[in-house]
Amino acid sequence: TEIKKIKEGVKKNIKIINPFHLLSLIDDPKLHKQAAIIYTKKNGLHIVNNEIKKSNKRKIKLGYFSADFKNHAVLHLMMDVFKNHNKSHFEVVGFNHGKKTDDMTKVVKKYFDKFFDCSNLSDKEIANLSQKNNIDIAINLTGHTIDSREGIYQYKPAKINVNYLGYPGTMGSNCYNYIIADRVILPKNETKNFTENVIYLPECYQPNQQRSHEIDNNQTKKSLGLPDKKFIFGSFNNSYKITPVIFKSWMEILEKTKDSVLWLLQNNEHAKKNIIKETKKCGIDIKRIIFAHRVSSQEHIKRLKFIDLFLDTHPYNAHTTAKEAVRMGVPVVTIMGKSFASRVASSILKSIELDKLITKTIEDYTDLSIKLGNNKEKLNKIKDHLNSPKIIEKIHDCKKFTEDLEDVYKKMINY
């Protein structure tokens, strides 16, 4: 099979796959590390400048480097961190190397002390700009994802270079001092599979967001194309995260919860056709698969509340989407794997005392989803917990999260 070829290629040190693509195919941190190391070596990504003068400034200067200062999951998560940074202790500088900007770019710019458009600069020029601005900690929010600029970090944009949030795995490079994680997504016994030093946040590594008090947009099940009296299973992950094993599980869940439908995000026509074809093969009525079109982020988050139970993907979990689901009071069933990417939903659920929704195997995941799909009373108790004042406050406490992150930055400086 193709998976076997990829595994063999990585083990033979062949640059056979982008490290990001491997995360959604194989749950193996050791292989993820090896693929990342191969990728960085083949692209010549190693430190070429190691001279950074020590600064005696009072404030710590943070440089956030990203291709995603726009309508993107990473910015949705980080926006309230940028808003809440303590400007008496930190100076915050943005380095935007993305090719596209939008209305969210205009909004986020105002939360920075300085914000540079670096899209037309070379990697070395961006690093030099960072050095001229005396950045103490350079935070790479893009990693090995689209429009990445890993080359910046070989020129040491700051004394301390950090891998955080944008890429759920090791960069496989000696350019980075730290990866920011938590003890659920990256247990101590897995630190050997990371080239960075691991520094831990006290709770879930994913930022909290302020509670939204927008006017409801009058969405109804009918307006969204959903049946009124059916149980709604939903999974709004990108289609590349839907593996054959997970899809087979979903089909079994539908088969054993007769009065249910599965609501999926339509990424493209090709993926939609494949899903319909595979559904037919499994003997499930294709009318039970409902596709959601892409809409604005505000509309998207609002419509999540119509899902009765969110079915996570494996080995690449829902990350931002899982947090959005629980924010809207929707329970998420997940499989806790071995890799960073496969443990994010577990970290979110543990932080809100919903360990009971974390499974270890595909069989347990399937069984639990079927049980909850057939037992509204049990599911409603979980929803009541999600909607309790204590949990709502915790999910939306963006100030506390920012303070915890700032403590981590202070530790880096003092080590």
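This is a predicted model: local features need pLDDT of at least 70, side-chain atom pairs count only at pLDDT 80 or more; totals for chains, interfaces and linings use all residues.
In strand S8, Phe231, Phe233 and Ser235 point one way while Ile232 and Gly234 point the other way, and all of them are buried.

**Strand S8 and its partners**

- S8 pairs with strand S9 (residues 260-265) in the parallel sense, over 5 bridges.
- Within this pairing, Leu264 of S9 stands opposite Ser235, one of the buried residues of S8.

**The seven-stranded sheet**

- An open sheet is formed by 7 strands in the order S3-S2-S1-S4-S5-S6-S7, with parallel pairing.
- Its edge strands are S3 (114-117) and S7 (197-200), each of which pairs on one side only.
- On average, neighbouring strands of this sheet are turned by 25 degrees against each other, direction ignored.
- Strands S1 (residues 60-66) and S2 (residues 90-96) run parallel and are joined by 7 bridges.
- Tyr64 has Gly94 in S2 as its bridge partner.

**The largest pocket**

- The largest pocket holds about 1,200 Å³ of space.
- Its lining comprises 42 residues, of which His72, Ala73, Asn238, Tyr240 and Arg294 are the closest to the pocket centre.
- Two or more lining residues come from each of helix H2 (19-23), helix H4 (73-84), helix H9 (297-303) and helix H10 (320-327).
- H4 provides the largest share of this lining, with 4 residues.
- By class, the pocket lining contains 16 nonpolar, 19 polar and 7 charged residues.

**Enclosed cavities**

- Rolling a probe the size of a water molecule over the atoms shows where empty space is left.
- The model has 3 cavities of 30 Å³ or more.
- The largest cavity contains about 50 Å³ of space.
- The lining of the largest cavity is made up of Leu23, Pro29, His32, Lys33, Pro168, Gly169, Thr170, Asn193, Phe194, Ser339, Phe340 and Ala341.
- These residues divide into 6 nonpolar, 5 polar and 1 charged.
- Helix H3 (residues 29-42) contributes 3 residues, the largest share of the lining of the largest cavity.
- The second largest cavity contains about 40 Å³ of space.
- Val10, Ile14, Lys15, Ile16, Ile17, Ala35, Ile38 and Tyr39 form the lining of the second largest cavity.
- That lining has 7 nonpolar residues, no polar residues and 1 charged residue.
- H3 gives the most to this second lining as well, with 3 residues.

Definitions and conventions: Residues are numbered from 1 along each chain as its sequence is written. Side-chain values use heavy atoms; hydrogens and water are left out. On a 1 Å grid over the protein atoms alone, a cavity is a set of points where a 1.4 Å probe fits but cannot get out, and a pocket is an open set with protein on both sides within 12 Å along at least five of seven lines; lining residues have an atom within 4 Å of a point. Grid points are joined across faces, edges and corners, and a volume is the space filled by probe spheres set on the points. Ala, Val, Leu, Ile, Met, Phe, Trp, Tyr, Cys and Pro count as nonpolar, Asp, Glu, Lys and Arg as charged, and the others, Gly among them, as polar. Two strands pair if DSSP finds at least two bridges between them. Axes are lines fitted to C-alpha atoms, for helices over the stretch in contact, and angles run from 0 to 180 degrees between N-to-C directions. Buried means under 20% relative accessible area, exposed over 50%, partly exposed in between (1.4 Å probe, protein chains only).
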